[in-house]
Amino acid sequence: MGIRARGLGVRITEHEWLFRGLDLTVRPGECAVLVGPNGTGKSTLLRCVYGMQNPTTGTVVVAGETPDERKAAFRRKVSVLLDDSDFFAELTPVQHLELLGQTFGEPREDIDELIADAGLAERAEVTAGRFSAGQRRRLLLLGATARPFEILLLDEPERALDSDGKQWLTALVRRATEAGAAVVLATHHPPLLDTADVVLDLA
């Protein structure tokens, strides 16, 4: 069912809008890329799509319902990596993925392959609190994409990734859309535009 937003606006003062009259449609199997300078509302738009923030005007329908991140059933459909997403510092990558399997009821049998694909094979049994910033980002992206989802929301997912990590990220996004997910990502990384079916410039 994807994502359908109509007439979205977020007002930041009585007379000032962050954005206004915004429309966005992302069908299953499509990727929408949000671009624009810092402060134009990319992260805020993602929060509205996830139901963390109510828009001042307009409507959003995500996976057939009004988004509300407080609802467990909604969170099962929508996987998200925002700028304040965190990890369990005391868990290893293997334990992170095992926990995801317990949470979503679909244990992965390819955990070793997923971790190796993420470039974390040598850190598979190391607690995440000992990771570099780039390794932590890879772990967060792995956690967001190794669970079942219909919708994937990513806020500047390329942050802290090296060139190999960015290539891996691009492959993750392509695999998600090929599997039928609707993907929305905010980015400053031009190569990710190659994954886009829809580009929305908030500048």
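Reader: Which residue does Arg4 stand opposite in S4?

Author: Val61. The model is predicted: local features need pLDDT of at least 70, side-chain atom pairs count only at pLDDT 80 or more, and totals for chains, interfaces and linings use all residues. Residues are numbered from 1 along each chain as its sequence is written, and side-chain values use heavy atoms, with hydrogens and water left out.

Reader: What makes S1 and S4 a pair?

Author: Pairing takes at least two bridges found by DSSP between two strands. S1 and S4 (residues 57-62) have five, and run antiparallel. They therefore count as paired. Gly9 also has a bridge partner in S4, Thr57.

Reader: Why is S1 called a strand?

Author: Strands are DSSP runs of E with at least two residues, helices are runs of H or I with at least four, and both are numbered from the N terminus. S1 covers residues 3-11.

Reader: How many bridges join S1 to S2?

Author: Six, in the antiparallel sense, with S2 at residues 17-26. Arg11 has Trp17 of S2 as its bridge partner. S1 and S2 make a hairpin, with five residues between them.

Reader: What is the strand order in the sheet that holds S1?

Author: S2-S1-S4, an open sheet of three strands with antiparallel pairing. S2 and S4 are the edge strands, each pairing on one side only. The twist from one strand to the next averages 20°. Such angles run from 0 to 180 degrees between N-to-C directions, with axes fitted to C-alpha atoms (for helices, over the stretch in contact).

Reader: What order do the strands take in the parallel sheet?

Author: S5-S6-S7-S3-S8, an open sheet of five strands.

Reader: Why is one side of S5 and of S8 left without a neighbour in the sheet?

Author: Because S5 (78-81) and S8 (198-201) stand at the edges, and each has a single partner strand. On average, neighbouring strands of this sheet are turned by 10° against each other, direction ignored.

Reader: How do you know that S3 pairs with S7?

Author: Four bridges join S3 (residues 31-35) to S7 (residues 182-186), and the two run parallel.

Reader: Which strands does H6 touch?

Author: S3, S6 and S7. Helix H6 (residues 163-178) packs on the sheet, at about 150° to the direction of S7. Touching is contact, that is, heavy atoms within 4.5 Å.

Reader: Which strands does H5 lie across?

Author: S5 and S6 (151-155). H5 spans residues 133-145 and runs at about 170° to S5.

Reader: What makes a space a pocket or a cavity?

Author: The test uses a 1 Å grid over the protein atoms alone: a cavity is a set of points where a 1.4 Å probe fits but cannot get out, a pocket is an open set with protein on both sides within 12 Å along at least five of seven lines, and lining residues have an atom within 4 Å of a point. The largest pocket holds about 730 Å³. Volume is the space filled by probe spheres set on the points, which are joined across faces, edges and corners.

Reader: Which residues lie nearest the centre of the largest pocket?

Author: Val80, Asp86, Leu100, Gly143 and Arg147, out of 26 lining residues. H2 (72-77), S5, H3 (93-104) and H5 each give two or more residues to this lining. H3 gives the most, five.

Reader: How do the residues of that lining divide by class?

Author: Into 15 nonpolar, five polar and six charged. Nonpolar covers Ala, Val, Leu, Ile, Met, Phe, Trp, Tyr, Cys and Pro; charged covers Asp, Glu, Lys and Arg; the others, Gly among them, are polar.

Reader: What volume has the second largest pocket?

Author: About 220 Å³. Its lining has 14 residues, and the closest to its centre are Thr145, Phe149, Leu172, Arg175 and Ala176. H6 supplies the largest share, four residues. By class, the lining has ten nonpolar, one polar and three charged residues.

Reader: How many cavities of 30 Å³ or more are there?

Author: One in the whole structure. The largest cavity holds about 30 Å³. Among its lining residues are Leu100, Phe104, Arg108 and Pro148.

Reader: Why is Gly180 called partly exposed?

Author: Buried means under 20% relative accessible area, exposed over 50%, and partly exposed in between, with a 1.4 Å probe and protein chains only. Gly180 has 34%, so it counts as partly exposed. Gly180 lies in the loop between H6 and S7. Beyond its neighbours within four places in sequence, Gly180 is in contact with Pro28 and Gly29.
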